[in-house]
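Q: Can we go through this one together? I'd like a quick look at the helix and its side-chain contacts.

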Amino acid sequence: MTPPHRKFKKNPPGWYEEMHERQRKAHSSRRIRVEHGIGHLKNWRSLARHHGRREHMSDIIQAVAGLLSHQQAATTASRTRT
């Protein structure tokens, strides 16, 4: 997904600046979740140095994503107990 296109580059009206800023923040908040997810996946050695068949890559990604989800849930649960 790409950020919205700016119509006014020079001397934009105030309402347009506010609208563009809201759209930009909404886009970046969605994008950061994806970027963090990809970053976490790349920390796993099986994904960082994958030399296997591409047909198995989606299965590996799903397995690692499941493990990460479980790990993050366990971390969150342990923080709420203390």
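A: Below we take the helix, its salt bridges and its aromatic contacts in turn. Keep in mind that this is a predicted model.

Q: What span should the 29 residues of helix α1 have?
A: At 1.5 Å a residue, they should span 42 Å. Helix α1 covers residues 14–42, and its end C-alpha atoms are 42 Å apart, which agrees.

Q: Which residues of α1 are buried?
A: Y16, H20, H27 and L41.

Q: Salt bridges next. How many does the structure hold?
A: Two. One joins the side chains of E21 and R24, at 2.6 Å from N to O. The other joins R31 and E35, at 3.6 Å from N to O.

Q: How are E21 and R24 placed in helix α1?
A: They are three residues apart, so about one helical turn separates them.

Q: And where do R31 and E35 lie?
A: Both are in helix α1 as well. They sit four residues apart, about one turn of the helix.

Q: Why does a spacing of three or four places matter for direction in an α-helix?
A: An α-helix has 3.6 residues a turn, so residues at that spacing point the same way. Side chains of opposite charge can then pair when their charged atoms come close.

Q: Is E21 buried, exposed or partly exposed, and why?
A: E21 counts as partly exposed because its relative accessibility is 31%. That value falls between the 20% and 50% cut-offs.

Q: What about R31?
A: R31 has 48% relative accessibility, so it counts as partly exposed. E35 is at 39% and is also partly exposed.

Q: Switching topic: how many aromatic pairs does the count come to?
A: One. W15 and Y16 form it, with 5.8 Å centre to centre and 90° between the planes. The pair is edge-to-face, because an angle over 60 degrees counts that way.

Q: W15 first: buried or exposed?
A: Exposed, at 54% relative accessibility. The cut-off for exposed is over 50%, so W15 passes.

Q: And Y16?
A: Y16 is buried, with a relative accessible area of 4%.

Q: Last one. Where is I38?
A: In helix α1. I38 is partly exposed, with a relative accessible area of 40%.

Q: How far is I38 from A65 in space?
A: 9.8 Å, C-alpha to C-alpha. In sequence, I38 and A65 are 27 residues apart.

Methods
Residues are numbered from 1 along each chain as its sequence is written. This is a predicted model: local features need pLDDT of at least 70, side-chain atom pairs count only at pLDDT 80 or more; totals for chains, interfaces and linings use all residues. Side-chain values use heavy atoms; hydrogens and water are left out. Helices (H or I, at least four residues) and strands (E, at least two) are DSSP runs, numbered from the N terminus. The expected span of a helix is 1.5 Å times one less than its number of residues. Buried means under 20% relative accessible area, exposed over 50%, partly exposed in between (1.4 Å probe, protein chains only). Rings of Phe, Tyr and Trp (its six-membered ring) pair if their centres lie within 6.5 Å; planes under 30 degrees apart count as stacked, over 60 as edge-to-face and the rest as tilted. A salt bridge is a side-chain nitrogen of Lys or Arg within 4 Å of a carboxyl oxygen of Asp or Glu.
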